[in-house]
Amino acid sequence: MSGSYYVPASSKWPILMVVVLAFLAIGAASSLSFGHGFGLFIAGLVGVFVMMFVWFRDVIHESRSGLYDAQMDRSFRMGMAWFIFSEIMFFAAFFGALFYIRVFALPWLDGEGAKGISALLWPDFSASWPLLKTPSDAFSGPVDVVDPWHLPLLNTLLLVGSSITLTIAHHGVKKDQRNKAKLWLFLTLILGFSFLIVQGIEYVEAYTRLGLTLQAGVYGGTFFLLTGFHGAHVTLGACVLTVMFVRLLRGHFSPRSHFGFEAASWYWHFVDVVWLGLFIFVYVV
Amino acid sequence: MTSNSYSSATEHAHEPQLRGLKRWLLTTNHKEIGTLYLIFSLTMFFIGGTMALVIRAELFQPGLQLVQPEFFNQMTTMHGLIMVFGAVMPAFVGLANWMVPLQIGAPDMALPRLNNFSFWLLPLAFSLLLSSLFMEGGGPNFGWTFYAPLSTTYAPPSTNFFILSIHLAGISSILGAINIIATILNMRTPAMKLMDMPLFVWTWLITAFLLLAVMPVLAGVVTMMLLDINFGTSFFNAAGGGDPVLFQHLFWFFGHPEVYIMILPAFGIASMIVPAFARKRLFGYRSMVYATASIAILSFVVWAHHMFTVGLPLAAQLFFMYATMLIAVPTGVKVFNWVATLFHGSISFEVPMLFTLAFIVQFTIGGLSGVMLAIVPADYQYHDTYFVVAHFHYVLVPGAVFAIIAGVYYWLPKWTGYYPDETLGRWHFWLSVIGVNLTFFPMHFSGLAGMPRRIPDYALQFADFNLLSSLGGFLFGLSQLLLVWVVVRCVRGGKPAPDNPWEGAEGLEWTVPSPAPLHTFSTPPEFIPERDSPSRA
Ligand SMILES: [Cu+2]
């Protein structure tokens, strides 16, 4: 039999995380439903980041003082891998919605198929994608859509490039070439934050010039749903990579023990793959 | 299954035990968290049950007596939400917390702090949900399936609270599932291979996978609702090019696997208890594992059987009909295996076994009405009637809930160190069986005769069936107070239980003392797979 198990000590951060999540949830719901409580929401949001910081700080500290064994390491790996699986399913729901709207819902609204009674609602409606003219005048579709071969193409290059630079940085960590790791991780961060800036410019253009808004019918909805949640994930991933950069500067990570770095890079590659799906199915096709 | 003697090497170097409220708020111990889950689930069971009794009281006779239709809608909605997300799911997670580490020889869950976080999200989620009942415009009133546009365009203002509470409960489930998978895959005692695991562990492994696959989809669909309600998108609004039917596709892509999330661990419990009280090895262990996995995989391709009347293309109806009927095959394998295990067994009828046998029979009734509902032309008649209500209550109450209760009676000696009172347990069992069947069996008939569900009033012809259902409902509900009484008594004392309180029970959980000390298996225990063990024929 191998040695004894390691069981982490109890911690006050999980329950405090629930408390700040309570602020966040009550604040969000109350401000959306009844128009007050936005401050509580912001307080909760800040609290969530603070709690993540202190909780992870403890874990990092325990890891660096050599408390964790190989089994604990495997638990972390499995935890992260299955968390990413659940994130994939989250995006799968949105991609599924996009395909359903494009392949089934709109043609049926146009009268296609044996049961096209929904075509009776708006007889003049004709299905198209991008949907520039919505069935009812209650919504107005976008004037134009984002040209995939300008900003989105640039963003594809930025994000794919950042996945490559991150892999080089990872190799640096593995081979204990710390300066190489720092340099390439720094490049990754520049590429990642550039992506976010370009995405921001694209959103401003969409709202000001193209009439492409959340309210612009189902095209606007799916566009911002998919790119918005992707952008939120990039933001989170970039923040985590920034933390990894700071840890690298402070001398953390060894060739054998750098799971924090590895988890962050798994997450970043996942975000990159989702973007490729977005580029093809939201922008190009 | 095992030849292990409990090692007393657990006493070393654990942090000092916290006291009072702090102990429960900060605990990372799988047994304490398991207890918290079970207490939470029982509380929700009574809150949701009270709502069911409001419904049954109103339906006792035709006409409107006690509540307004608006409030009735809130009761049907909240009853469903609370029982599904607050009672049944947390009960299984509680049992998993207690028993999975004990059954695989692990010292605790793989990620104990995450475990604490997962639990405490639940009281928050359900306080949020319940508080919406007292808000302007009332709580959720659109049915537990919250179909758009009832839940978007026509929803009460408090709907955002409902959405946030679903998000929180969903995060809890996802993190809990991650923890259970990591525990099962990573923390088993080295000699236990996957195909040696007790079936409760196997079914929970597969359930956790289902949770990770579909809870994010639920999060996605409520997020789209949130955007439709507050930010002017039109995902579920055909005026903007969306489709209310899209809501149903997304919801049931979550919703159908969700029913297996609530029944697979019940299969696991039955597969532990039947061999123990038949004093025989489980018939067809491997086929049980494969059947569970097949059910889980098939559960992803049957969701539209809930939507046969929304105007699906014929090809889709045929596909979903046959795929649904296919699930009867692995389910039949399971029932066959339980019966085959009983065959020529030396059966004794202690309370856990009584509940398990009732589970097998009554779950099968619910399964068979499910096959009826899978037939498209027949479903046109049954859809949205009390026949559907009868069907899913048979799989959930005399099905899943009975299995949970069986598990509680089976493992109580391990938790408390005392046997539950056998006489009171038998009373609880018989009153529950009579009550539950009196409640739900007549619903088959009122449903076939066309009584629509979720309506506070009904035509005179349904009066007799509803009277029976209401009497049965109150009988079943009140007899659950006996369960509380049995559990409280068992915690306080009773006939002391040895390490293995059941003559035929096998497994690592019976090698530790009763009651199980706070920390068990601080070193991996020895384990001999059942196939190599001489003790069971
Ligand atoms: Cu189903």
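Visitor: What makes the meeting of the side chains of Arg113(B) and Glu62(A) a salt bridge?

Guide: The two side chains come together at 2.7 Å, N to O. A salt bridge needs a side-chain nitrogen of Lys or Arg within 4 Å of a carboxyl oxygen of Asp or Glu, so this pair qualifies. The count between chain A and chain B is 1 salt bridge.

Visitor: Which helices of chain A supply at least two residues each to the side that touches chain B?

Guide: They are α1 (13–34), α2 (38–64), α3 (70–109) and α6 (217–249). Of these, α3(A) gives the most, with 22 residues. Helices here are DSSP runs (H or I, at least four residues), numbered from the N terminus.

Visitor: What kind of model is this?

Guide: This is a predicted model, in which local features need pLDDT of at least 70 and side-chain atom pairs count only at pLDDT 80 or more, while totals for chains, interfaces and linings use all residues. Residues are numbered from 1 along each chain as its sequence is written, chains are lettered from A and ligands numbered from 1 in the order in which they are written, and side-chain values use heavy atoms, with hydrogens and water left out.

Visitor: How many residues does the contact take from chain A and from chain B?

Guide: Chain A brings 64 residues and chain B brings 75 residues. Contact means heavy atoms within 4.5 Å.

Visitor: What makes an atom of His305(B) a donor of the copper ion?

Guide: The copper ion is coordinated by His256(B) (ND1), His305(B) (NE2) and His306(B) (NE2), at 1.7 to 2.0 Å. Donors are N, O and S atoms within 2.8 Å of the metal (3.2 Å for Na, K and Ca), so these three atoms qualify. Water is not among the atoms, so sites may look incomplete. Along the chain, the donors follow the spacing H-x48-H-H.

Visitor: How do you know that the side chains of Gln480(B) and His428(B) make a polar contact?

Guide: They lie at 2.9 Å. A polar contact is a pair of N or O atoms within 3.5 Å; within protein, one must be able to donate a hydrogen and the other to accept it, and residues adjacent in sequence count only if both atoms are side-chain atoms. Gln480(B) sits in helix α15 (residues 463–492) of chain B, and its 1% relative accessibility makes it buried.

Definitions and conventions: Buried means under 20% relative accessible area, exposed over 50%, partly exposed in between (1.4 Å probe, protein chains only).
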